[in-house]
2 protein chains.
Amino acid sequence: MKLSSKNLETRQDTIYDAIVVGGGMGGLSAAIYLARYNLKCLVVEKGKGRSFWMQDLRNYVGFDPDTPGRNIIQHATQQAISWGADVLRGFVEEVTDEGETFAVHIKVGKSDTTGVTFRSKYVIAASGVIDVLPELNNMKNVFDYAGYTLHVCMICDGFDMWDQKAVLLVKTEAQINAAFVLNWFTPYISVLTNGLQVSDAMKQKLAEHGYPLYEQAIAEFLGKNHQLSGVRLADGTIVKATTGLVNMGSIYHNKYLKSIAGLEYDGENLVTNNMCQTSHPRIFALGDLKQGLNQVSIAVADGTLAATQIWRNIRRESAPRKWQENITEASKDSQAKDVELKT
Amino acid sequence: MKLSSKNLETRQDTIYDAIVVGGGMGGLSAAIYLARYNLKCLVVEKGKGRSFWMQDLRNYVGFDPDTPGRNIIQHATQQAISWGADVLRGFVEEVTDEGETFAVHIKVGKSDTTGVTFRSKYVIAASGVIDVLPELNNMKNVFDYAGYTLHVCMICDGFDMWDQKAVLLVKTEAQINAAFVLNWFTPYISVLTNGLQVSDAMKQKLAEHGYPLYEQAIAEFLGKNHQLSGVRLADGTIVKATTGLVNMGSIYHNKYLKSIAGLEYDGENLVTNNMCQTSHPRIFALGDLKQGLNQVSIAVADGTLAATQIWRNIRRESAPRKWQENITEASKDSQAKDVELKT
């Protein structure tokens with residue numbers, strides 16, 4: 001059911017099988033599976049994650065390309081609730097390991113915030129990343145294009161940039177290397193560093209490919225109706241472009257795991273096994289938070305894997321359900337022996 | 001575009017980047033990604049695969065639970081074609097490795113069949129499995145219940161069997177062990193072996209759990225409007241059940257790979273790495289054909305992974321696209337040197 005600050009106490013004594021941090025594509029997939037394994041789960045969603053901002057979804061089987069991410073999230077949230085999952089709008093501040101359970105500390109509400117703690121056997125980290133965007137004084141100008149013709153994911157949207165004049169926006173020199181992958185989709189690439197000075201070696205490499213480099217600060221994105229036409233730099237230069245790729249890194253929503261000792265990371269990505277289990281056996285990680293591709297399809301499959309492994313673990317620790325009325329005296333005897341052997 | 005026996009010659013000189021064998025959830029996901037990487041791909045679909053038979057889809061993010069598999073397949077086929085993939089209704093008889101390319105031998109048409117051979121750099125095996133069903137004289141009686149209240153996938157449908165009287169249908173003794181997982185969902189399990197005699201050890205184990213065992217042949221499924229009410233055995237015994245699980249194994253649609261030397265299998269499942277690449281570097285395998293869970297979400301993600309790895313391989317072997325008009329004399333010199341060094 002849907003939880004809010006008004007009905008939190010109805011679940012205060014619940015020990016969830018799993019608390020899912022993040023109600024995006026991966027977290028909701030996990031919740032749907034967990035609920036259909038008849039496991040008790042709570043999804044904590046802070047709102048406005050990466051898939052919420054997706055204006056379209058061009059490569060997820062079965063959906064029209066212009067389906068906004070938020071529509072699928074709303075649908076899947078209802079799906080999860082209808083199978084029995086709990087969903088709470090809130091922000092997970094910290095997860096502490098209590099041995100058998102985790103205590104998940106959640107801030108609920110916006111202005112008049114309440115702190116609440118829920119407990120679970122497993123935690124699924126599905127809180128994803130958010131893309132770093134250029135910081136301009138007028139952020140509305142950035143949001144007018146980001147997610148429309150100014151893309152953040154080359155795999156998702158490279159195709160739509162085909163042979164167009166494109167700007168590549170970076171924050172570090174290493175991020176410029178995306179130009180040498182983006183050129184699969186278009187060779188007409190102008191690199192904008194927004195104030196960062198780059199090495200002579202990189203300048204040389206860009207020149208060899210014919211990709212102009214602009215190290216000036218960005219003043220403004222130009223265009224209308226979300227359709228980019230260019231970028232104006234601080235010195236007045238206008239770089240023409242009808243599309244762009246922002247490759248400025250990601251902010252990882254994983255701070256709530258900071259007190260968990262010994263979690264293995266590869267850079268900022270959590271290292272997981274083939275069932276999305278982290279180096280902590282009761283913490284799983286999905287989608288963008290872990291190594292691998294940042295794609296909706298991957299996050300959704302990750303939810304399937306994590307939920308299934310948690311079900312297996314819990315099932316294997318549970319006593320098998322027997323059909324009591326059919327058990328004969330003879331088999332009861334052998335059962336008793338079995339129990340004796342096990343205890 | 002849609003290919004048929006009428007327009008095959010339009011593509012006879014094409015060397016596809018990838019031929020995808022199977023147009024189910026995984027194959028279509030691969031095709032959508034391949035097309036959006038601007039790679040040339042052909043999907044060969046024989047029709048009526050496992051997802052075509054799915055009457056509903058209860059745990060794939062974003063869809064109503066009563067969405068039939070065939071609706072999603074039809075939608076995704078159009079999706080793939082709209083991005084530039086070719087789709088052909090046909091049956092892949094054999095794939096032969098010619099070194100740089102594969103020759104894919106396809107039978108097109110039903111009565112008046114044509115043989116056609118297409119070539120590709122990569123092959124994606126996405127032809128899945130089909131569930132073995134009980135073989136009764138009247139197969140319509142089986143199809144009246146299979147996929148409705150007589151399920152073939154415990155992960156998909158176990159939840160809908162909750163605490164109901166269930167029959168478990170098996171073909172081998174080992175398959176009976178599914179009872180000891182199915183009992184998570186319901187303990188009211190009757191095991192039907194349809195003529196197979198089982199060992200005393202297994203009889204004892206079932207008796208300990210209180211699960212009746214029926215070794216007689218199955219005569220008929222009982223019920224109406226796809227709702228099972230029981231099973232009548234050859235000796236007239238009626239086993240009451242409102243649901244059932246068929247766990248009789250799968251037929252793997254992978255015969256066309258038989259002439260490929262050295263493909264590594266685990267049982268009948270192809271062994272793949274984390275990008276769905278088999279032990280043959282130019283053959284990928286998705287979904288039910290490979291190790292792991294047989295779930296739509298997994299097949300869809302596998303399509304993403306295989307297509308992305310094929311794109312990476314092809315991209316890395318391709319000359320980088322340069323923005324010629326921007327290349328200065330100085331950088332042209334250094335390019336020439338580069339080329340010299342590489343050749």
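Begin by selecting residues 25–36 of chain A: this is helix α1, which has twelve residues. In this predicted model, the helix reaches 17 Å from its first C-alpha to its last, close to the 16 Å expected at 1.5 Å a residue.

Next, display the side chains of α1(A) together with a surface. The helix is mostly covered, with twelve of its twelve residues buried. Among them are A:Met25, A:Leu28, A:Ile32 and A:Leu34; the buried residues also include A:Ser29, A:Tyr33 and A:Arg36. As background for viewing the helix, an α-helix has 3.6 residues a turn, so residues three or four places apart point the same way.

Continue past the helix to A:Asn38, which follows α1(A) and has a positive phi, near 60 degrees. Most residues other than glycine have a negative phi. Two positions in chain B may be inspected with this in mind.

Select B:Asp163 in the loop between α5 (154–157) and β10 (166–170) of chain B. Although B:Asp163 is not a glycine, its phi is positive, at about 55 degrees. Is B:Asp163 buried or partly exposed? With a relative accessibility of 34%, B:Asp163 counts as partly exposed.

Finally, move to B:Cys276, in the loop between β19 (269–270) and β20 (283–285) of chain B. B:Cys276 likewise is not a glycine and has a positive phi, of about 70 degrees. Its relative accessible area is 1%, and since buried means under 20%, B:Cys276 is therefore buried.

Definitions and conventions
Residues are numbered from 1 along each chain as its sequence is written. Chains are lettered from A and ligands numbered from 1 in the order in which they are written. This is a predicted model: local features need pLDDT of at least 70, side-chain atom pairs count only at pLDDT 80 or more; totals for chains, interfaces and linings use all residues. Side-chain values use heavy atoms; hydrogens and water are left out. Helices (H or I, at least four residues) and strands (E, at least two) are DSSP runs, numbered from the N terminus. Buried means under 20% relative accessible area, exposed over 50%, partly exposed in between (1.4 Å probe, protein chains only). The expected span of a helix is 1.5 Å times one less than its number of residues.
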